[in-house]
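Hi everyone, thanks for coming.

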Amino acid sequence: MRSLTLFLPGLVALALATPAAADCPNIGLTRAPVTLVTKSGSHTYQLEQALSPENQECGLMFRAEMPRNVGMVFPFSPPRDAAFWMRNTILPLDLIFVGPNNRVVSIGHGKPYSEALIPSGGITASVIELNAGEAARIGLKKGDRVKFGKR
């Protein structure tokens, strides 16, 4: 999935540059654990770390499958308002926007290949992508705690 960290003047430039599958450095990324703490308990996932601008640009684009306990994280420094889209993304995804206080700011739902922007709704320090429906399955809500392992 290609992420767009929105600064409106740069939006047009980002929209024009779309990588091809062969150009996406999104395979074999380092993984780190994250635990989402909900009313139903603690739920741990292994997140691929999209640390470089190139990793973040490609995200989960062109991926046809992903195990349920795996996802991807996009850390932002400094934290900011953000929006993502689903261009070239085959998998439907839950997008979990996480604030600087490690609390869920909002949860978005990405539809395959959609270019509609999914806004964070507030200042975001990172975004976690999981398979669609995973947030509902564990009962994740705005304000729930996110515990990151070592990045």
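**A look at the sheet**

So, β6 and β7 run antiparallel to each other and pair over six bridges. Before I go on: this is a predicted model, where local features need pLDDT of at least 70, side-chain atom pairs count only at pLDDT 80 or more, and totals for chains, interfaces and linings use all residues. Residues are numbered from 1 along each chain as its sequence is written, and side-chain values use heavy atoms, with hydrogens and water left out.

Quick terms: strands are DSSP runs of E, at least two residues, numbered from the N terminus, and two of them pair if DSSP finds at least two bridges between them.

Back to that hairpin. Asp 94 sits opposite His 109 in β7. There are five residues between the two strands, and Asn 102 has a positive phi near 60°.

On to β9, residues 124-131, which also pairs with β6 in the antiparallel sense, over six bridges. Here Val 98 has Ser 126 in β9 as its bridge partner.

Is β6 buried or exposed? Six of its six residues, 93-98, are buried, meaning under 20% relative accessible area with a 1.4 Å probe, protein chains only. In a regular strand, side chains alternate between the two faces of the sheet. In β6, Leu 93, Leu 95 and Phe 97 are buried on one side, and Asp 94, Ile 96 and Val 98 on the other.

Zooming out, the sheet is open, with seven strands in the order β7-β6-β9-β4-β3-β2-β10 and mixed pairing. Its edges are β7 (104-110) and β10 (145-148), each pairing on one side only.

Notes
Helices (H or I, at least four residues) and strands (E, at least two) are DSSP runs, numbered from the N terminus. Buried means under 20% relative accessible area, exposed over 50%, partly exposed in between (1.4 Å probe, protein chains only).
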